[in-house]
Amino acid sequence: MTTVDLPLLPLGHGRDLSAERGVECPGDLPPASDPDLVARAQAAKEALGDRVFVLGHHYQRDEVIQFADVTGDSFKLAREAAARPEAEYIVFCGVHFMAESADILTGPGQQVVLPDLAAGCSMADMARLAQVEDAWDALTEAGIADSVVPVTYMNSSADIKAFCGRNGGAVCTSSNADVALEWAFEQKPDAKVLFLPDQHLGRNTAILKMGMTLEDCVVWDPRQPNGGLTADQLRDARMILWKGHCSVHGRFSPDVVDDLRATIPGVQVLVHPECQHEVVLKADLVGSTEFIIKTIEAAPAGSSWAIGTELNLVKRLAADHPDKHIAFLDKTVCYCSTMNRIDLPHLVWALESLVGGTVVNRIEVDPETEAQAKVALQRMLDLPGRSHKD
Ligand code: 13P
Ligand code: SF4
């Protein structure tokens, strides 16, 4: 038999080493078929005791969530980490921008670990610092940068938060975006907001909570010269929405809302504000992950719900509330693929490495970025009323 050296590499493996960074686990990952994974995770956690604190985002797999010391949305988890200065290691079961935020809000003696470095966020990746700086230059050239306040969703990289910090802006979450926008519009006469990176959260908040219209909003496309906008369009706009979206929440469509209303009598549609405006307009209730959980907890037995958010959370809500009818707002199964990168083998590997004295996959924000990002985060914390999600 002769063998042929095929030039093909699986998934382009080895072609772009910097883009592939973090895709492979740098250590010995236990096989997913290992029947002792649960016992190994338990043993490693016990061995580490109070030195480790495991955070689990609501969209994580059940196999991982069972080991979380606390579950929550991204902001609540970062605050929980900051409230545990005794924990030397924060193991973040979530995605990269969340681990960065935890590193920014925790003390210098605490190290944040992301069990799989490939757990990024496609939405956060849609706003790169160089692109945002180019946009800012264009706003300066159009003569409006002085009246623009940048506001970034928590779901953005640390350097975008730092950009907002050094340019008079703030961070927001999906439950305080309206308060953050009110604050932003008070910062300058005739203020405009550059909202990063989720156009849907920005548009939904501007229109449904701030009384603006679609005409008040323009979309800045970083792949088009001058964002695809004329200087007049920029000058007339109140909200400049970055062309970014969540690939999970962006899947929900208005026709599925209609279908479910036709097939499930009395169903109430509950969606996250990262969904498209057309979906949010058809929903009964809109709110953050924590709002969705609290709404289902408070709902009467026998009530019917169609929920538009990540599937791990919807399945967990359905399992925890067997007395309520809970449906997923999509015809096809869709998990957040990067959230799902964190599985039990990666968690076991991260915890056992810590037991062995090796900190793997540490997420560390450089001091200058951290200081500027903290300014933007602090402006959010200082907002009146609902300044966070819990
Ligand atoms: P929260 O964690 O802020 O609810 O955001 C939802 C989300 O998409 C997280 O990635
Ligand atoms: Fe990013 Fe959306 Fe996944 Fe959240 S659900 S991590 S916003 S891609």
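Does Val38 count as buried, exposed or partly exposed, and what number of C-beta neighbours inside 10 Å decides the matter? Val38 counts as partly exposed because it has 14 such neighbours; a residue is buried if 20 or more other C-beta atoms lie within 10 Å of its own, exposed if 12 or fewer, and partly exposed in between, with C-beta atoms placed from the backbone. The model discussed here is predicted: local features need pLDDT of at least 70 and side-chain atom pairs count only at pLDDT 80 or more, while totals for chains, interfaces and linings use all residues. Residues are numbered from 1 along each chain as its sequence is written, and chains are lettered from A and ligands numbered from 1 in the order in which they are written.

Val38 belongs to helix α1 (residues 37–48); helices (H or I, at least four residues) and strands (E, at least two) are DSSP runs, numbered from the N terminus. Between the C-alpha atoms of Val38 and Val64, which are 26 residues apart along the chain, the separation is 9.5 Å.

Turning to the overall layout, the protein chain is divided into domain 1 (10–119 + 339–359), domain 2 (124–247 + 371–381) and domain 3 (249–328), with bounds that come from an automatic or database domain assignment. The centres of domain 1 and domain 3, taken over C-alpha atoms, are 29 Å apart. Contact between these two domains involves eight residues of domain 1 and seven residues of domain 3, where contact requires C-beta atoms, placed from the backbone, to lie within 7 Å.

Ligand 1 comes next. The shell around ligand 1 includes Asp73, Cys121, Asn155 and Glu274, a residue being near a molecule if its C-beta atom, placed from the backbone, lies within 6 Å of it. Both domain 2 and domain 3 give residues to this shell, so ligand 1 lies between them.

Strand β10 (residues 268–271) pairs with β12 in the parallel sense over four bridges, pairing being assigned if DSSP finds at least two bridges between two strands. Val271 has Gly308 of β12 as its bridge partner. Strand β13 (residues 325–328) also runs parallel to β12, joined to it by four bridges, and His325 in β13 stands opposite Ser304. Together, β12, helix α14 (residues 311–320) and β13 make a right-handed β-α-β unit; right-handed means that, with the strands pointing away from the viewer, the path from the first strand over the helix to the second runs clockwise.
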